[in-house]
Amino acid sequence: MQLVLEKRTERSVLIAVASPLVAIVLTLVTMSILVAILGKNPITALNVYFIEPLTDPYTLGEIIVKATPLVMIAIGLSLCYLANVWNIGAEGQFIMGAVCGSYLAVVTNGTDAGPWVLPAMLVMGTLGGIIWALIPALCRVRFGANEILTSLMLVYVADLVMDYLVRGPWRDPKGMNFPTTASFDPVATIPTLFDGSRVHAGSIIALIVVILATVMLGRTIKGFEIRVVGAAPRAARFAGFRSDRLVLFTFAISGGLAGLAGIIEVAGPVGVLQPGISPGYGFTAIIVAFLGRLNPVGILIAGLFLALTFIGGEGAQISMKIPLDLTKVFQGILLFYVLACDSMILHRIRLIATPKKAVQGTVDGTA
Amino acid sequence: MSNPLPGISQSTRAPLLQAVGIGKSYGSFPANDSIDLDLYAGEIHALLGENGAGKSTLVKMIYGLIQPTEGELRFEGRTMVLSGPADARSRGIAMVFQHFSLFDNLTVAENVALGLDGSETFAAMSSRLAQVSRDYGLPLDPRREVWRLSVGERQRIEIVRALMQNPKLLILDEPTAVLTPQEADQLFVVLERLRSEGRAILYISHKLDEVKRLCDTATILRAGRKVSTCNPRAETAASMARMMVGADIGEVKAGAGRATTVQRLSINNLSMTPDDPHGVHLKNVTIEVKGGEILGIAGVAGNGQDELFAALSGERLAPHAANIIIDGHAAGHLSVTERRRLGAAFVPEERLGHGTAPRMKLSENALLTGHAASHMVHRGFVDRPATLASVDKTTQTFDVRKDKRDPEAASLSGGNLQKFIVGREILREPGVLIVSQPTWGVDAGAAAVIRQALLDLSGRGSAVLVISQDLDELTEIADRIAVMFHGALSPPVAAAQANRETLGLLMGGASPEKATPETMTQTAAQEGSHAVGA
Amino acid sequence: MGLLEAIILSVIAASTPLLLAAAGELVVERSGVLNLGVEGMMIMGAACGFAGAYLTGSTFIGALCGIAAGAALSVVFAVLTLGLAVNQVAAGLALTILGVGLSGLIGAGFVGQRIVPAPHLFIPVLTDLPLVGHILFGQDGFVYFSIVLVVAIAWFMYRTRAGLILRAIGDNHTSAHALGYPVLKIRWLAVLFGGGCAGLGGAYLPLAYTPFFIPGMTAGRGWIALALVVFSSWRPGRLVAGAYLFGAVSILQLHAQALGLGIPSQLMTSLPYLATVIVLVLISRTRGAAGSVAPASLGTVFVPDR
């Protein structure tokens, strides 16, 4: 007997709904085993990871703060992945958005610039992300260079650009030689929504992005175009959709959203430009996009869930001395299970008998 | 050549291969249902049936590619359970696939080596390859890469590879579908020789004339079951067709009042370099199609038909706007969408992945081409009820069978999906319709519906251009037929005056003046790679 | 030892991990599978390789641990893409994310520790030869192994029947299946081989290049190895040239920084990454006319009918 994979004739709606949930359960089981191997109590760990952050208003707010960039980036990435365009350099686009937006904050620092600064920063940040994303997009469209590798390489470059700026021209003169800009002025800072919480107006922007993406994907011809180009490129060309333009479009949208998320992050919760503004949001957003099944509402839920793992991971590090890397392992394993479960929407696993070799040509027929 | 299989002669009337109640089910669906088959050495046995009747499933079991779920196979009197194709080959069963099992970027010799068990050195194999191909009159250059070869030459690789195994049983799956009539004749000479050498041949086809001419026995399948085993020479083509289809097939009729009036589509001196390095250059293609007429383009696959279709549909733009004129508009530089708005419609050869997005619903596939010209999109927003209504209308008008209102395209059978695709375009009442292989791999009932729809459309004054490899289809529905060879198009001839032989020679690359039967041998000698004497 | 000799030696050292990882990936891609998880497998190889060497005191056992770690991680990839027909790009990304996380977890206890780096060959007389002595006869075992590996791969692919079958599967898996070749089984082996090579390439870093482990020490080398396979047009000979070219770029930027030319160090550090982008563009552009030379079924999912 052996296990084999078979194509389904029609996608399974039941499994499409159940798949992310099954993936999460499988991940939790695997994690419990890992935690036990590390010599800690899995039940306590699960409680610290997933329950405690939900019981305290401050950490609830922190979940929303962390989910904001994840959701915005993942929405952009989901458009790319639906179109079979592989932007994996969102981390770099996030950083360049933060850098470009911060330029205004740095030059207006300490001046009496008006309230135009923040909106202009958001625009600059978005443009920064778009431009950084268009580099790999143009390399693919014009020269056929693989966008996976080029977009990823530019992450390292973006990191170094920021590093140069905050150690060089933009360094805060009063900052004791730390690699950081001066704290942003209030006109360059995103207002918080509630007292005693870091939840800020950027989260509202993220919600608007979710709604717009839902409408675009579900209702408009552009959304249809994105899905067809990804699902059946030749049929898309036959439909009159230009895939090279769509590569530029999806890269621009995802780069713009990542850049916007970047400037919102530094102008909001962080308040300065400095190395380490992102704990890998651009990469975690890839997991968010897949866990959310490349669907905007799914991404919203998945973004909140992965934000929870960041907060829970910090809690577990403090209270249980569990290494922070376990959070990354958790995220990697989750993506693994999500992809595996998603495969069951299009395939089924069956047990079949292997032919019995013993019979082969040894038994006489009765003819 | 002496009989390579001593001890086997036609007088030994024990079957070489026996299938006893053999069946194969996928889940609850029986692709084959208790089929019995006796196959004798020294006979050519036809396996007849419509698409989806289960012919491929049966031969895949005999070749060890899939395992039967019921019944058993007996080979030379012994029960045979195959662990895979290598096992089948070692017993003397060889197969020539319809969609060739070749590797485009490897050489001919490497391709042949991959089909053998590897027990001899590459050098020994190469010299044997040269000998077998010379013996049977199937010349091949072992160092050429496969993508450089014509379809006929590719089939030759498959056949030589099979013969090098010195098989007792040779299975051929629709071998003549891709050949010119002359190439098919050459193939028959080889097959008759193999029969005289005492080998058994299982010959899958749905071309009944061919079967009557070549085969000693015919087993007919319908819907996964055996209908009958008969002597094809004692049957008529019509009686066998009835057994295959299970009913009489109506003849298609041209509508009344098919006046050829205005010129609606013209292609002028169209020359194009392909994107794909494996593609074909279009050379100075010139033709016009009038309203009310069906123009057929015949030719062996891979002679530029795909490139011509892409140029006409706008998937690739022509060098000059005036290369393609649609209803008086220079369209060579227009996009697919703009051409559709001029009233053109297109049906590509490949149903899944080109004509439709396989994993999308029919309503979305209606939108695929409908977004250009129909009222399915308002200010960028999709009118979903309109797309569903379009599916319903196509379903009714063209009798598309499906188990729910809006299933995924991939879940439909080939015939029903083709009716949907053709119907989707025809319901838009296009002034110009360009359709490639309209009934390729489609059951007889659906084929009749589609051909009738094309005739009716032209009867309403539209220009229809049909690209097809099926000469019977073209002679049935086309008014004029032109032949494509190596990217060039012959001048059209009236279908009423076109005879198979002339068209076949054109398909093999003879120049139009020489395409008469008398010059056949001469042409064959000149065009060594395309029509070779055995 | 002159400056030139020192530079050449350091170029060879910087190139070897790239060559090892890229050689494995070349075999994987020739079988028609695109495993983007090289970075993850390399960093796991680095962490486990260091752990093995530190705990046993043996570079050789460390190298074996690196190979085992890379291969183990590639099993995850094979289960996803070959067993469950998951999109290979997504699965490769999952592998990298998982590998980076796991290596941090495993390597955490070893950060700050040092080991004795892999010994270099020393042959009296030969190694003492001027100029070429150290370059040809004074390398560590990894360097020689990487060259032998590439030669062996070239021989395997173009001179053996198994290599022909591998290339055939990469060209057209449907045909290969129809002829009865076990497409998935052969791809499994190729993926495992690629994982082992990536693990060894990663292990080279803490075992020979720098005698300690730091998280994220592969610093994108896995991705550069992927770019190298594209650069090589899937041919082993050109892979060696490419790896040494990239090694040279990364070493020259170090020397340029040491000279203190007043160029921002960040710009110099980014050179290998920028060079990768530029090389990809140039290669893709020149190939545009000749068409793609990638294995035809690269990256496509295969589910056999049964």
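Me: Hi! How many helices and strands does chain B have?
Reply: Chain B has 17 helices and 23 strands. Helices (H or I, at least four residues) and strands (E, at least two) are DSSP runs, numbered from the N terminus. Keep in mind that this is a predicted model, where local features need pLDDT of at least 70, side-chain atom pairs count only at pLDDT 80 or more, and totals for chains, interfaces and linings use all residues. Residues are numbered from 1 along each chain as its sequence is written, while chains are lettered from A and ligands numbered from 1 in the order in which they are written.

Me: Got it. Why is chain B called as compact as a globular protein of that length?
Reply: The radius of gyration of chain B, taken over C-alpha atoms, is 24 Å, close to the 24 Å from the globule rule for 534 residues, so chain B is as compact as a globular protein of that length. That rule is 2.2 Å times the number of residues to the power 0.38.

Me: And what does the C-alpha trace of chain B span along its principal axes?
Reply: About 75 × 55 × 45 Å.

Me: What percentage of chain B counts as buried?
Reply: Of its 534 residues, 50% do. Buried means 20 or more other C-beta atoms within 10 Å of a residue's own; exposed means 12 or fewer, and partly exposed is in between, with C-beta atoms placed from the backbone.

Me: New topic: which residues have the most contacts inside the largest nonpolar core?
Reply: They are A:I73, A:L339, B:V466, C:A22 and C:L228, in a core of 385 residues. Such a core is a set of buried Ala, Val, Leu, Ile, Met, Phe, Trp, Tyr and Cys residues joined through C-beta atoms within 7 Å. Helix α3 (residues 57–82) of chain A gives the largest share of this core, 15 residues.

Me: What does C:L228 touch?
Reply: Leaving out residues up to four places away in sequence, C:L228 touches C:L18, C:A22, C:L239, C:G242, C:A243 and C:F246. Contact here means that the C-beta atoms, placed from the backbone, lie within 7 Å.

Me: What about C:F231, buried or exposed?
Reply: C:F231 counts as buried because it has 22 C-beta neighbours inside 10 Å. C:F231 lies in helix α10 (residues 221–231) of chain C.

Me: How far apart are C:F231 and C:V279?
Reply: They are 48 residues apart in sequence and 7.4 Å apart in space, C-alpha to C-alpha.

Me: Last one: how many residues of chain A are in contact with chain C?
Reply: 41 residues of chain A are in contact with 40 residues of chain C. On the chain A side, α13(A) gives the largest share, 12 residues.

How values were computed
Contact = placed C-beta atoms within 7 Å.
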